[in-house]
Amino acid sequence: MPMETGEPGRGRGPWRDRLVRHRAVVALLGGTVGTAVLGAVLVLLPGVVVDHDLAGASVAAQDRLKAVNDVRTTLLQAVGGMVVLFGAYATWRQVRVSQEGLRATQEGHVTDRFSTAVDQLGSDKLETRIGGLHALWRIAEHSARDREAVISIQAAYLRTHLPWPPTGPEAPAADVPINDVVPLEIRAADAQVALTGLGVLLLQPREQSWINLSVTDLRRADCDGLWLHEVNFDRSCMEAAGLYRANLTQASLVSVNLRHADLKTAVLRRARCVLADLRGARLVETDLRDADFTEADLREANLRKADASGAVFHRADLRLADLRGTDLSTAGLLQARLTGAVASERTRWPTGFDHAAAGVVVTEDPGPEPPPLLQPAGITTQHPPLRSMP
């Protein structure tokens, strides 16, 4: 007779069969004992309960039988309720297990998609990189846990692919006239996709308060309508960028180049534009409340009907700027240069400020603004040379 050992292939068959038979016998005995106990409870317990309640009192046999049957019915109902509750609990546990399994499967799929999309960003093919950026965008829209990571990846993608000053043979040189610079969506379509996705995803609540896009080449970028709240653009070049209706609340724009940028109806509330170059920028009907333009260059900028209440223009250069209809009633204009700036009777100045002595020219109000073009201005506009260029 072979010995039953723990070594593979020696005596495992008889031992396993015996274990299966033992388990079957235990299960059968357990079921039999349970049935016997339940039967004893339903048969014997009702009589004991009735006799205990009667406490030796003499009653008719028919009444005692009826009482016993009532107790037995109550016990059956209690057992049935317990069975129903146990079944409901078992079903709930099964649903929870299924949901957890489904969630784990979905998270595994998201992780695989995320890894694949990140790998695509390093491809040499433009269409592959754009596909990876779109895949990350879609993941961030459906997975709140991955949104912060996708936003960080998009910002890093822009900083590394569009450094300022530009590097690489394909990037236009820093001294190229802006009319000779191709719009971003044509010269770097993948970067424009990353920028658009970033501006859309920032609409959602996020944990991190600042996004870093400093020292980035965003010349002629299309940012129309994007949400760029609390984004750091310090020392970036955004010359001739389209920022129509963009939200730049509390953005940092220190030493940024925004020459000829279209900021019509944009929001720059509490934005920090210290030392920014805004020559020839279009700031028509723009919200500039509480923004800081200390030492900013706003020569030839169009600020018609802008709300600049509470804005700071200390030592700012506003020569030749269009201030017709601009609200400067509570703005800080300490040492601001205004020679040749144009204003109208609708322009609101700080109390006690002598705009005539500052060299402001008062003309007629321009009237209502024309509607915006359907085609992005960054593609069609040819910007005239600035008179204030050195």
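Helix α6 (189-201) gives the most to the lining of the largest pocket, with three residues. At least two residues each come from α3 (126-142), α5 (184-187) and α6; helices (H or I, at least four residues) and strands (E, at least two) are DSSP runs, numbered from the N terminus. The volume of this pocket is about 460 Å³. Of its 21 lining residues, H161, E170, A171, R187 and A188 are the closest to the centre. By type, the lining has 13 nonpolar, three polar and five charged residues.

A pocket here is an open set of points on a 1 Å grid where a 1.4 Å probe fits, with protein on both sides within 12 Å along at least five of seven lines; lining residues have an atom within 4 Å of a point. The volume is the space filled by probe spheres set on the points. Ala, Val, Leu, Ile, Met, Phe, Trp, Tyr, Cys and Pro count as nonpolar, Asp, Glu, Lys and Arg as charged, and the others, Gly among them, as polar.

The model is predicted: local features need pLDDT of at least 70 and side-chain atom pairs pLDDT 80 or more, while totals for chains, interfaces and linings use all residues. Residues are numbered from 1 along each chain as its sequence is written, and side-chain values use heavy atoms, without hydrogens and water.

There are 20 salt bridges (a side-chain nitrogen of Lys or Arg within 4 Å of a carboxyl oxygen of Asp or Glu). Three of them are tabulated.

| Salt bridge | N to O distance |
|---|---|
| R219 and D217 | 2.9 Å |
| D262 and R282 | 3.8 Å |
| D317 and R337 | 3.6 Å |

D262 and R282 both lie in the loop between β2 and β3, so their pair ties together parts that are 20 residues apart in sequence. D262 is buried at 14% relative accessible area, whereas R282 is partly exposed at 31%; buried means under 20%, exposed over 50%, partly exposed in between (1.4 Å probe, protein chains only). Both R219 and D217 are buried. D317 is buried at 3% and R337 partly exposed at 43%. Shared partners join E239, R259, D277, R279, D297, R299, D317, R319 and R337 into one network of salt bridges.

The count of aromatic pairs is three. Rings of Phe, Tyr and Trp (its six-membered ring) pair if their centres lie within 6.5 Å; planes under 30 degrees apart count as stacked, over 60 as edge-to-face and the rest as tilted. Y89 and W92 form a tilted pair, 6.0 Å centre to centre with 35° between the planes. They are three residues apart in helix α2 (residues 61-120), so about one helical turn separates them. F293 and F313 are stacked at 5.1 Å and 5°, and both are buried.
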